[in-house]
4 protein chains.
Amino acid sequence: MRFGLLGAGRIGRIHGLNVAARGDARLVAVADASNEAASSLAQATGAKVAAADAIIGDAGIDAILICTPTDTHADLIEAAVSAGKAVFCEKPVDLDSDRIRRCLATVATSGKPLMIGFNRRFDPNFAALEKRLRSGEAGEIEIVSVISRDPGPPPVDYVKRSGGLFRDMMIHDFDMARFLLAEEPVEVFALGSALVDKAIGEAGDVDTAAVVMKTASGRIAQISNSRRATYGYDQRIEVHGSKGMLRAGNIHETTVEIATGQGFRADPVQNFFLERYAAAYRAELAAFIDACSGKAAPSPTGLDGLRAQMLADAATESARTGRPVAIRSA
Amino acid sequence: MRFGLLGAGRIGRIHGLNVAARGDARLVAVADASNEAASSLAQATGAKVAAADAIIGDAGIDAILICTPTDTHADLIEAAVSAGKAVFCEKPVDLDSDRIRRCLATVATSGKPLMIGFNRRFDPNFAALEKRLRSGEAGEIEIVSVISRDPGPPPVDYVKRSGGLFRDMMIHDFDMARFLLAEEPVEVFALGSALVDKAIGEAGDVDTAAVVMKTASGRIAQISNSRRATYGYDQRIEVHGSKGMLRAGNIHETTVEIATGQGFRADPVQNFFLERYAAAYRAELAAFIDACSGKAAPSPTGLDGLRAQMLADAATESARTGRPVAIRSA
Amino acid sequence: MRFGLLGAGRIGRIHGLNVAARGDARLVAVADASNEAASSLAQATGAKVAAADAIIGDAGIDAILICTPTDTHADLIEAAVSAGKAVFCEKPVDLDSDRIRRCLATVATSGKPLMIGFNRRFDPNFAALEKRLRSGEAGEIEIVSVISRDPGPPPVDYVKRSGGLFRDMMIHDFDMARFLLAEEPVEVFALGSALVDKAIGEAGDVDTAAVVMKTASGRIAQISNSRRATYGYDQRIEVHGSKGMLRAGNIHETTVEIATGQGFRADPVQNFFLERYAAAYRAELAAFIDACSGKAAPSPTGLDGLRAQMLADAATESARTGRPVAIRSA
Amino acid sequence: MRFGLLGAGRIGRIHGLNVAARGDARLVAVADASNEAASSLAQATGAKVAAADAIIGDAGIDAILICTPTDTHADLIEAAVSAGKAVFCEKPVDLDSDRIRRCLATVATSGKPLMIGFNRRFDPNFAALEKRLRSGEAGEIEIVSVISRDPGPPPVDYVKRSGGLFRDMMIHDFDMARFLLAEEPVEVFALGSALVDKAIGEAGDVDTAAVVMKTASGRIAQISNSRRATYGYDQRIEVHGSKGMLRAGNIHETTVEIATGQGFRADPVQNFFLERYAAAYRAELAAFIDACSGKAAPSPTGLDGLRAQMLADAATESARTGRPVAIRSA
């Protein structure tokens with residue numbers, strides 16, 4: 001399979017290198033607004049540098065990886081599927097749910113596979129937990145808890161363009177909650193505060209937040225977010241069910257432990273998302289390749305992207321109004 | 001110090017035996033509607049059996065432990081403090097907040113110490129965590145999480161008289177959240193479902209619930225409750241702060257672990273609340289004796305009892321109406 | 001049952017208080033070279049102070065607890081069983097194996113129960129491990145590992161009178177190894193160094209030591225000792241078998257953990273043997289009472305005491321000569 | 001740097017693929033007695049297939065990786081360094097210490113770098129522990145413990161040619177003990193049994209073994225080996241020092257844990273040495289490349305290989321004779 005990559009930033013570079021490292025795929029072309037970023041990745045992978053529309057129009061390319069800024073995603077997806085390419089797009093499809101709906105309609109018409117980059121589903125730990133949950137090991141699902149805390153807050157400039165914590169950060173947790181609940185939330189209530197960085201509050205956003213959600217059958221999900229965690233990138237899930245509790249935890253930097261009069265001290269947990277989810281990005285690419293070759297349906301789908309965005313929108317509204325928000329059908 | 005005990009049920013018996021085991025205190029008299037319960041405890045401790053009003057009126061008794069059914073608490077507290085006794089009363093003071101307010105006014109007039117039995121504050125693990133939190137070890141408090149899951153649901157008959165999960169079970173977690181937050185919640189939102197036992201739902205209560213709360217300065221508390229936990233009595237707290245995260249966990253039945261091809265298996269956690277909190281009950285009694293002898297102010301106070309009840313009332317209302325509920329001043 | 005206690009030092013006091021706390025036993029009399037120690041314990045338990053031979057000769061006493069210095073144990077055991085008493089004696093019976101043999105012959109003649117105070121067998125964790133080992137959960141036993149490290153070294157004066165590390169400290173681990181191996185070691189090799197306190201080395205003893213042993217069927221035991229552990233009283237066992245590995249670990253002071261940029265820090269492990277083995281001492285006494293009343297055979301027996309002493313003697317000789325030492329039959 | 005690889009079996013393949021995955025190195029040629037193994041690796045890496053002596057004689061090759069059977073190592077090392085190549089050789093250099101000495105003399109004369117493949121030194125966990133040990137975090141070293149248990153025994157045919165457990169398996173632990181002790185053992189005592197597979201015993205070898213060693217200053221090392229561990233590939237180290245204890249543990253397959261009435265069950269530990277030490281093999285290659293380019297001295301050296309072999313020889317003799325064996329200077 002021959003890939004074109006749009007966007008050679010931090011996450012695009014990861015995907016590009018992962019394509020290059022596979023025996024069954026080739027990175028053919030890279031586009032980026034920064035010629036330096038595109039060239040550097042092209043050199044490391046044997047790809048050529050090209051313009052985005054040239055890549056989309058290149059008949060020798062089978063699949064497009066979209067890792068550009070969010071506001072370009074929907075247009076690029078539409079262009080790429082219309083040109084007959086399979087598409088992998090980083091989350092979110094768009095910050096506007098209606099724009100996502102129109103984009104997905106175009107994708108549906110094209111008949112081409114679209115997969116959305118909710119990487120955490122592919123973390124080997126979370127994926128194993130979900131598989132065991134589906135096998136019934138914990139019985140009926142009752143409470144899904146997701147804890148997600150970043151090591152430190154992003155710059156305020158980024159925050160202003162991000163759509164806010166619920167759309168930018170918690171959207172991963174909404175997807176994870178849906179992934180685990182196996183049932184759509186019908187109600188969302190959100191609380192948020194700016195405790196980490198006052199400037200985030202002044203920009204109208206929050207950096208510390210909690211959400212509760214409920215499904216039609218009464219399953220409950222709890223999400224806890226902070227833009228700061230001194231001890232690393234905190235990524236935990238726990239599912240309480242009728243037969244037991246399944247959880248998956250953080251990965252410490254090493255297994256080394258020191259015991260002294262001050263106690264037993266283990267390492268902080270892995271701090272950087274590209275390290276923490278390195279295996280997830282590889283597994284995600286493998287799943288996309290399987291989807292392109294028809295071995296499996298693409299998943300997470302564009303609809304998953306829309307559903308997570310609707311929850312993020314609802315949480316944003318709930319935090320603003322102080323009221324719970326009902327979720328309509330997609 | 002000479003103690004009278006009102007109520008020789010499961011929890012009264014614990015307190016009575018703990019008094020008897022101390023060198024500086026004596027259990028003098030025991031009252032219970034069941035003569036058998038009173039006699040059995042009296043025999044084990046060298047106390048005499050007496051009627052409740054006789055015990056309250058006995059000039060040779062310094063302090064009263066109230067472990068009777070909830071609907072008798074407020075009357076007995078008033079009678080005992082009016083008779084000049086120090087009083088320890090199991091939670092809650094009453095299911096009605098206004099009744100609690102009137103009772104506390106009587107206590108205030110009497111000038112006698114009243115301490116409420118929120119035993120978890122005295123658990124050595126939770127107490128150590130709170131002390132370290134106060135010392136600033138985790139920095140500014142941002143998110144308090146309390147997980148509390150009972151091994152199994154109570155009989156539906158009990159549930160009907162209990163005031164509901166938020167007042168009967170989660171009240172402990174409301175107290176723990178207040179204890180750790182060090183600031184009053186001003187808003188409560190609650191979700192609940194009957195997932196464990198349909199009969200609990202038919203009785204108008206829930207058995208699975210989640211609450212989020214916020215304080216005036218923006219601190220967030222999350223509580224997770226279930227009436228079922230196959231793996232034992234699940235009691236965990238975690239406080240996320242600006243400098244770090246402090247948490248205290250469950251106690252496994254033993255430290256034994258088996259490793260086989262199926263993995264590494266540790267014991268379930270302690271299953272029974274009287275075992276899990278045995279040390280807490282002893283420390284609680286010691287604190288009450290210190291309060292009686294003027295070495296320390298009584299804590300948790302009657303006001304703590306009222307505050308927790310107000311949160312439980314608010315959560316009950318929130319779950320019923322689907323709206324967040326604001327907390328007025330006490 | 002009515003008990004007499006000989007020796008009201010640190011360990012005697014524990015046993016005396018444990019007797020007094022039971023409903024089915026009474027501490028009647030206490031003897032100690034220090035009148036202050038005897039009086040203090042007598043006052044706390046309602047016992048009287050008496051001379052050792054008066055206690056042994058008291059027809060109203062059923063059982064004797066011997067907690068005096070080691071060099072008096074054998075004589076007191078012989079006197080007590082000859083006077084028709086059941087006897088519990090702290091380890092070791094004597095530092096000389098032949099003296100132990102003569103003492104056990106007298107015990108055998110008397111027909112009275114003798115139980116030796118190897119308290120660790122009664123630790124709930126180690127006892128549970130041993131029970132599961134016997135049930136076959138780990139399959140055939142292949143390697144038994146015992147790690148035992150004291151928080152700090154004893155005074156050199158004590159070391160000089162102690163019989164040396166192998167007889168004074170490691171004897172507990174020899175007993176634990178025998179308890180778990182369920183087969184007698186036939187060969188012992190020991191290495192030791194004075195790394196903690198040079199004065200211990202100058203006194204002819206070691207403070208850091210390792211032993212390997214082998215049974216006739218080829219099972220292997222490893223023991224690791226140090227007179228110093230900055231992180232608490234380190235007490236661990238691990239049994240590797242054909243079906244799996246069973247281990248039991250330390251008990252931390254609390255379950256509290258702090259996570260910061262320095263990592264995840266748990267408490268030190270319990271530091272003091274009387275705290276670490278508090279539950280074991282209570283269970284040990286219960287087992288002795290069962291043995292006195294004929295509900296169970298006394299265990300550990302005098303022969304267990306002899307066997308452990310023989311291993312300690314062999315290790316002492318091995319460390320001195322640099323040669324492995326074969327163990328003869330008892 | 002241009003590499004030639006001798007031996008394209010399991011471990012050779014790993015090294016070959018790791019060379020090919022680097023940007024600063026190229027695998028140029030591969031030799032193997034099996035043309036299929038050589039061709040398969042050559043195809044995967046872009047190398048050519050060639051005879052071992054052609055590779056050694058190829059002026060365009062800078063460094064040789066020796067992954068052939070043990071009995072060819074010393075000859076190939078000598079040939080390669082004499083041809084001016086830097087050499088990385090899998091352990092052991094030879095099963096005969098004198099042959100190793102002659103080989104190392106040739107290497108010394110050549111002036112070319114030789115590095116021996118004790119991969120565990122490069123495990124990120126063990127490497128971090130060693131670094132912290134050297135920084136003094138645990139104080140003076142007192143006891144080094146190494147536990148190493150394979151998931152299952154090798155075929156008896158392999159055992160017969162292997163030199164025995166101490167030379168084939170425990171040699172890694174001897175190297176790890178030396179690495180951590182930072183002082184040479186002067187005495188070795190070994191015990192072994194055939195408990196896992198009787199056929200191993202009939203072949204004159206053991207499958208379960210324990211070793212104790214002592215250095216001149218009195219530091220103690222303990223090693224525990226089994227050819228069977230039902231729960232995975234058990235690889236643990238622990239260093240007890242004057243200031244504290246440093247340990248590094250196993251890596252579980254995932255971080256997922258299930259809690260039920262049967263307890264809390266985590267995954268088995270990683271089972272396969274190529275997976276467990278994947279990061280170590282990459283770091284080992286990076287260290288060899290640094291040694292080739294003069295950025296660092298080669299380590300572990302040929303002398304490290306000799307020293308570990310001498311300890312393995314001594315342990316083999318000790319287990320055979322039942323006597324401790326003194327270690328002479330190298």
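Visitor: What makes β13(A) and β14(A) a hairpin?

Guide: In this predicted model, the two strands have two residues between them. They also pair in the antiparallel sense, over four bridges. Pairing takes at least two bridges, so four is enough to call them paired.

Visitor: Why is strand β13 of chain A called mostly covered?

Guide: Four of its five residues, in the run 256-260, are buried. A residue counts as buried when its relative accessible area is under 20%.

Visitor: Which strand of chain D does β13(A) join?

Guide: That would be β12(D): four bridges join the two, and they run antiparallel. A:Val256, for example, has D:Ala248 as its bridge partner in β12(D).

Visitor: How do you know how much area is buried between chain D and chain A?

Guide: The size of an interface is often given as the accessible area lost when the parts come together. Here that comes to about 1900 Å², with carbon and sulfur atoms giving 48% of it. On the chain D side, D:Arg247, D:Thr255 and D:Val256 lose the most area, together 28% of what that side buries. If you'd rather count residues, 25 of chain D are in contact with 25 of chain A.

Visitor: Why do the side chains of A:Arg132 and D:Asp267 count as a salt bridge?

Guide: Check the distance: N to O, these side chains meet at 3.5 Å. The cut-off is 4 Å between a Lys or Arg side-chain nitrogen and an Asp or Glu carboxyl oxygen, so this Arg and Asp pair qualifies. Between chain D and chain A the count is six salt bridges. There are also eight residue pairs in polar contact across that interface.

Visitor: Which elements give two or more residues to the side of chain D that touches chain A?

Guide: They are α6 (124-134), β12 (245-248), β13 (256-260) and β14 (263-266) of chain D. That side divides into eleven nonpolar, seven polar and seven charged residues.

Visitor: Why is strand β2 of chain A said to be largely enclosed?

Guide: Five of its six residues (26-31) are buried, so the rest of the structure largely encloses it. β2(A) also pairs with β1 (residues 2-6) of chain A, in the parallel sense over five bridges. In that pairing, A:Leu5 has A:Val30 as its partner.

Visitor: What makes β3 and β6 of chain D edge strands?

Guide: Picture the open sheet of six strands in chain D, with parallel pairing and the order β3-β2-β1-β4-β5-β6. β3 (48-49) and β6 (114-117) each pair on one side only. For β6(D), four bridges join it to β5 (residues 86-90), and D:Phe88 stands opposite D:Met115.

Visitor: Where is D:Ala50, and what is it in contact with?

Guide: D:Ala50 is in the loop between β3 and α3 (52-57) of chain D. Beyond its neighbours within four places in sequence, D:Ala50 is in contact with D:Ala29, D:Val30, D:Ala31 and D:Ile55. Take D:Ala29: 21 residues from D:Ala50 in sequence, but 6.1 Å away in space, C-alpha to C-alpha.

Definitions and conventions. Residues are numbered from 1 along each chain as its sequence is written. Chains are lettered from A and ligands numbered from 1 in the order in which they are written. This is a predicted model: local features need pLDDT of at least 70, side-chain atom pairs count only at pLDDT 80 or more; totals for chains, interfaces and linings use all residues. Side-chain values use heavy atoms; hydrogens and water are left out. Contact means heavy atoms within 4.5 Å. Buried area is the accessible area (1.4 Å probe) that two parts lose on being put together, summed over both. A polar contact is a pair of N or O atoms within 3.5 Å; within protein, one must be able to donate a hydrogen and the other to accept it, and residues adjacent in sequence count only if both atoms are side-chain atoms. Ala, Val, Leu, Ile, Met, Phe, Trp, Tyr, Cys and Pro count as nonpolar, Asp, Glu, Lys and Arg as charged, and the others, Gly among them, as polar. Buried means under 20% relative accessible area, exposed over 50%, partly exposed in between (1.4 Å probe, protein chains only).
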